[in-house]
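Dear colleague,

Please find below the structure that I am handing over to you, together with its sequence. A short account of what was found follows it.

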Amino acid sequence: MAARRLGIEPHPTIAMNNLITLLPNSRPSVPDNPAIPFVEGDGVGPEVTAAMRAVTDKAVQTAYSGRRRIEWKEVLAGGKAFERTGEWLPEETTEAFRTHLVGIKGPLMTPVGGGIRSLNVALRQGLDLYVCQRPVRWFKGVVSPVKRPQDVDIIVFRENTEDIYAGIEWEAGTPEATKVLHFLQDEMGVKKVRFPSTSSIGIKPVSREGTERLVRAAARYAVDTGRKRLTLVHKGNIMKFTEGGFKRWGYELLEREFAKEMKDGRLIADDCIADAFLQNALLKPEAYSVVATLNLNGDYISDMLAAQVGGIGISPGGNINYTTGHAIFEATHGTAPDIAGQDKANPCSLILSACMMLEHIGWAEAARSIETAITRCLSQGKATADLARFMPGGTTLTTSDFTAEIISHLN
Ligand code: NAI
């Protein structure tokens, strides 16, 4: 049995009827006691995962009067997996996320010198999780570098599988880089590589299909949540076929599949050049609501927006394939080795990722109650050290005490 081989006893109550499945309308069908796989993660992972599970369990129990309950199923990745199985990302783990559709993970260390560049990227690619969804909003009490952080309420849909970020690159001076350069110069007539002999080369694939599925998911979200405004962010003025293609294919998709919603005002679409977007998002963030963008732009944009609300350490994330229903929600920070094991880590990023997960499976009441509880704690200046030290009159709590405080506000 795969789980036993990993040293984990399977949960006795996990059976086929605990599985989340996908309905023909692409919505998940969720039993009252779904089995949900989780990866504890490395460094502060065990601490923030324990906090996330405790808060989520209590919120679900309270919101549904004990009628619903998550059957947590631990799967291994990262350091713990390597220790027990000799593999950083055992196939059983990817398989568990595949079978159970929805899961959650703590931060994972990047293996040094291994064949895997990043465990997170390997998981995203393995399940083709093409949307990286990053909601960014301000929580009252959190100190921010801008005057009106409350104006930021933006959901970023970042394309997760293409772009220069896809990792197709060759190092300067290697036979591979030289071969690609020769092809470009000799067969494609490229004369623009300024210093060919010392150039590393990267490839930027952006496809119509990749663009369409991302923009479709963002538009559907904008309509379903009543947010309405969707902005395509790109650098198509310079990179005409890749980022320009993203803009053109995006608009074409909207005109084809969302004509009715745009006509009756349930969807308002526009676009913005990436550099202008970074300025505008700082000067008038209220102009944006749902943003669809390419992989690299999305990386910068989500962290800049998170910093604007003072929430770089607490912002949540989800990697989702809206076609197959596969989704893995995750803390957006790393393993924080400097504070691991000290009961200091802020668990909000993973807890708010669990809120996204609850929302995704349609348990919105539990998600809302957690957000309200976190808002109450933070607005009273109660937080872990990373946030409390900047709050005037803030009270620094340990991870465990902060978790207990959140739980005490759940009703
Ligand atoms: P990091 O996010 O782990 O730490 C950066 C700084 O933020 C540190 O001072 C840390 O103490 C603080 N910090 C991070 N999370 C915190 C939390 N929850 N509460 C309080 N303070 C927190 O980034 P770093 O140091 O660059 O990476 C460490 C390891 O994490 C690396 O192996 C990296 O590859 C991995 N990593 C994993 C990610 C993931 O699994 N999603 C994302 C980013 C990094």
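This is a predicted model: local features need pLDDT of at least 70, side-chain atom pairs count only at pLDDT 80 or more; totals for chains, interfaces and linings use all residues.

Strand 14 covers residues 327-331, and five of its five residues are buried, so the strand is largely enclosed by the rest of the structure. "Buried" here means under 20% relative accessible area. In a regular strand, side chains alternate between the two faces of the sheet. In strand 14, A327, F329 and A331 point one way, while I328 and E330 point the other way, and all are buried.

Two pairings involve strand 14. Strand 13 (residues 316-320) runs antiparallel to strand 14 and is joined to it by five bridges; G318 has F329 as its bridge partner. Strand 5 (residues 102-105) pairs with strand 14 in the parallel sense over four bridges, and the bridge partner of G103 is I328.

Turning to the ligand, 18 residues lie around it, of which T110, G334, A336, D338 and N346 come nearest. By class, this shell has eight nonpolar, seven polar and three charged residues.

- L108: a backbone N or O atom lies 2.8 Å from a ligand oxygen atom.
- T335: a polar backbone atom is 3.0 Å from an oxygen atom of the ligand.
- N346: a polar backbone atom is 2.8 Å from a nitrogen atom of the ligand.

The protein buries 62% of the 810 Å² that the ligand exposes when taken alone.

Yours sincerely

Conventions: Residues are numbered from 1 along each chain as its sequence is written. Side-chain values use heavy atoms; hydrogens and water are left out. Buried means under 20% relative accessible area, exposed over 50%, partly exposed in between (1.4 Å probe, protein chains only). Two strands pair if DSSP finds at least two bridges between them. A residue is near a molecule or strand if one of its heavy atoms lies within 4 Å of it. A polar contact is a pair of N or O atoms within 3.5 Å; within protein, one must be able to donate a hydrogen and the other to accept it, and residues adjacent in sequence count only if both atoms are side-chain atoms. Accessible areas come from the Shrake-Rupley method with a 1.4 Å probe; for residues, only the protein chains shown count as cover. Ala, Val, Leu, Ile, Met, Phe, Trp, Tyr, Cys and Pro count as nonpolar, Asp, Glu, Lys and Arg as charged, and the others, Gly among them, as polar.
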